[in-house]
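I opened this notebook to record what I looked up in the structure, entry by entry.

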Amino acid sequence: MTEPLHEVRLRVNGTPHQVRVPARRLLSDCLRHDLGLTGTHVGCEHGVCGACTVLLDGAPVRSCLLFAVGVDGQEVTTVEGCRAPGGGLGPVQQAFVDCHGLQCGFCTPGFVTTITAYLRANPDPDAAAARAAIGGNLCRCTGYQNIVASVLRAAEILRAGNQVRP
Amino acid sequence: MTAARIFGEPIPRREDPRLVSGAGRYTDDIDATALAVAFVRSPSAHASIVDIDVSGALDVPGLHAVYTYEDLTGRLAEPLPLLIPHPALTAPRTAYPLARDVVRHVGEPVVMVVAADRYAAEDACDRIEVTYRALPPVVGLAAAVRAEHAVHADVPDNVAAHLVQEVGDAPAAIAAALYRLRLDLTIERSASMPLEGRGVHARWDEVDRSLRVYSSTQTSTSLRFALAAKLELPVDRVEVVTPDVGGGFGVKIVHPWPEELLVPWAAIRLGRPVTWIEDRREHFVSSAHERGQAHEVEVGFDGEGRILGLSVRFQHDNGAYTPYGIIVPVITSTQLLGPYKPGAYRVEFTSLYTNTVQVTPYRGAGRPQGVFVMERTLDAIADHCGLSRVDVRERNFITPDEMPYDHHMTFQDGRPLVYDSGDYPALLAKLKKLVDWDAFPALREQARARGRRVGIGLACYVEGTGVGPYEGAHVRVETSGAVVVSTGLTTQGQGHETVFAQIAAQELGVSLEDVTVVTGDTRRFAYAVGTFASRAAVMSGNAVALAARKVRGKALRIAADALEADPGDLDISAGVVRVKGSPGAEIPLRTVAVLANPLRYAFDAEAQRATQFAVGGGTDTPPVAEDDEPGLEATDYYSPIRSTFASGMHAAVVETDPDTAEITILRYAVVHDCGTLINPRIVEGQIHGGVAQGVGGALYERIEYDEHGQLVNASFMDFLMPYASEVPHIETDHQQTPSPLNPLGIKGAGEAGVIPVAAALASAIEDAEGLTGTGVRITDMPIGPARLWELRARWADEDSGRDGR
């Protein structure tokens, strides 16, 4: 018995997509395998590590805990969509480079999406707020100190208006 | 513009732009169309396999193959290799790629399923019925020692290894000492736990009968040789590529994993690309753990706190198999000495089998346990003598004038344990200043007066880094001026693309932007050892420097000919060879690269300048001299006589809640000496990450087996790794004591941060709890609020017991 397929329409990083997937296809697998957007990483598949975080209609969600069929018609932003409009690094991405906010880079996409959403609502955090903002994502490499610095740096870049928000 | 500004500078990482934008390429990103693998793994810690019935799986849509041990042939059907034999490892045992007759831990692979995707593969796994007959499990060191049951039927005492090292007569020195103490010190299991698990992708080319394997490994070159051996393929038909790797921390140095053999084997049999990506539960139950050890210490010392004799006996839980030998307890037994000279020293360990996941190095590799033992002992001595903890350490330090210092022991590389350089008193002075050590007692009293419990602790370590046998590098200047550096060891986030480029740019006199670095690809560099033991910067860094120096020498020789100058009068900067003091007398390195390769055919403008008619020269000598080679490139290797020893000291200020026993780290200070710094920003990042893992090991992380051998916290919900809220801001300061053993004077930095954290926090918690002078100590890690709560209750009971007597 082959599985029935369902048609799902998604806007991912501004581009409309139409995929036919089984009901149980995780959004993370749909993004990675069906759409080839491998920037979204899967670290635990039970919603704890946050590496797979994407923005669903602008709000951070764990894409490993959602079925692709469940987000039909919605707007998804992945780390690939956090670039600057011209294709250069977006403000949060640039901040991670500036502050050595990553080492192996596996958890980084989940931080970039999380911080992107956070700074839209909180453009001027202090260090304690920045630390709290990343409190739901695991990183095994950096000890978080430079990620906290990256949040503050990204806020600075955004405020300076050097980059346009994605 | 000068190259000297590149080496030692905190240059941003060159790998970051692709990694922050989702353009990294990890093993699971390589081929979404490959067949997917899932495994039926043992649900039981110890059992005989009675029957495997795969019939229910055969009609699962998308199924391609099901394999059990019976399907394995040739050398693949033999046990996995014992990677590091040791004379003391008298009963080594390794697993089969798929279980044969008996399973010895939960998670051991029993059946391999290959299907169109992972969903289908797991469907098939669910329908495979394996019948087991339970055997009694051996869980924990106590059960292993009792040996009522054996993990391996032919090892009835469960003892894999037993080793004694002695310097002087420790029992006599202890017996003769003015004071003696005994301590029992225990550290529980944790695990590397990289955010990316293991993963393998293999593709077989039937036309030229070659295999390419991508693996999330810490050693591509050794995996290649292992694959060739186990799959019985010529080595030159096997390529191993390490793509971006999402963290390693030790666990990915083990090879070949069963999956690393079985996935390529299936790819060959099926003639299709095959991928296996480990899920998180698989990583918990089927990769490797570390840290679990129980130690008994006897120490004899004088009234000044000087150690006269030290005897340590410990038991090491090596899990079900010993593929990586006994490196971890060997390192504990040698590195617990730290920056100290203990007088006479005796260390004895027993490495024991249990029905749990195998134990192999996790960042620090036995050192966190050793440092915990030594530093807890020094704190106990200070307390016993009524001395300050820093004074006791200082009195036992090896002093700078005693370097190089020979401990007269054998280190993990089989070489003498000789410290090459270091200045421990200066490091301690830096630490005291950084953390305001001398001002702390007043702060502690002020806090106490307000009902708060705060305490300070410190811990010191010495880390042997940069173990051999060698690493190599190839450096080539292309006719475009691009410099391509290749080295065989792998990268898991350490920034090698940046630091090796810094070294090459510095040595060659080119700009950083002209240099690209390739690591971990056997197509590019076939001879290497791997990335572990804080060795990459020391080993490959020096190899890159040596190869670049050769290239520089050749470039100067060719340029000297072209410029009709003496090579000694030439210098290279910004990619141009110049005659010193003669403005305008210069030739770009890219043109030197053209001249280095005399050509017959002019396929582009640069090549045209290298054809024989263009180059000219004498007609009575060959275009390539007898002792020369074409191309502006060179390979060289760095092979040290022994390890180089980095050092550092940590101090922690903690607060313990009088009611809830919650433990909060208020300050954390690190001073660190890894010799000459290549890139301080990257070194600091390594320290931060190490400390975070140390905090996890000290306060949160505990791999928990029940008495049946079930790993009961095998998820990120239950195995508590630190989030940002648990890791303190880390203050750092550096000291640079160059290593005399290598051309760049560098020492390793990768593991350092994790090593003394448990010891420093134990010391600080003990201080916060006001245990000084009570004889009560923190003796086991991790310690969380629940554990501290229990201890407080026990201490209170003991107090009232004493009062009642």
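Predicted model: local features only at pLDDT ≥ 70, side-chain atom pairs only at ≥ 80, totals over all residues.

**Entry 1. Chain B as a whole.** I looked up the secondary structure of chain B and found 20 helices and 29 strands. I then checked the radius of gyration of chain B, which is 29 Å; the globule rule gives 28 Å for 805 residues, so chain B is as compact as a globular protein of that length. Along the principal axes, the C-alpha atoms of chain B fill a box of roughly 105 × 75 × 50 Å. I recorded that 58% of the 805 residues of chain B count as buried. For contacts in chain B with a separation of 6 or more, I found that 82% join residues 24 or more positions apart.

**Entry 2. A helix pair in chain A.** I recorded two values for each pair, because packed helices are described by the angle between their axes and the distance between the axes. In chain A, helix α2 (residues 91–99) packs against helix α3 (residues 108–121) at an angle of about 125°, and the axes are 9 Å apart. α2(A) and α3(A) are therefore oblique to each other, and their crossing is right-handed. I listed the residues that make the contact: α2(A) contributes A:Val92, A:Gln93 and A:Phe96, while α3(A) contributes A:Thr108, A:Val112, A:Ile115 and A:Thr116. Four of the contact residues are nonpolar, three are polar and none is charged.

**Entry 3. A helix pair in chain B.** I next examined helix α18 (residues 680–700) and helix α19 (residues 757–768) of chain B, which pack at an angle of about 55° with axes 8 Å apart. That angle makes α18(B) oblique to α19(B). The crossing of α18(B) and α19(B) is right-handed. On the α18(B) side I noted B:Val691, B:Gly694, B:Val695, B:Gly697, B:Ala698 and B:Leu699, which meet B:Val757, B:Ala758 and B:Leu761 of α19(B). By class, this contact has seven nonpolar residues, two polar and no charged.

**Entry 4. Where chain A meets chain B.** How many residues of chain A are in contact with chain B? I found 46 residues of chain A in contact with 42 residues of chain B. On the chain A side, α1 (27–34), α2, α3 and α5 (145–160) each supply at least two residues. The largest share, four residues, comes from α2(A). I sorted the side of chain A that touches chain B by class and recorded 20 nonpolar, 18 polar and eight charged residues.

Note on methods:
Residues numbered from 1 in each chain as written. Chains lettered and ligands numbered in written order. Rg over C-alpha atoms; globule rule 2.2 N^0.38 Å. Buried ≥ 20, exposed ≤ 12 C-beta atoms within 10 Å, placed from the backbone. Contact = placed C-beta atoms within 7 Å. Axes fitted to C-alpha atoms, helices over the stretch in contact; angles between N-to-C directions. Parallel < 35°, antiparallel > 145°, perpendicular 65-115°, else oblique. Left-handed = near helix turned anticlockwise from the far one by under 90°. Nonpolar A, V, L, I, M, F, W, Y, C, P; charged D, E, K, R; others polar.
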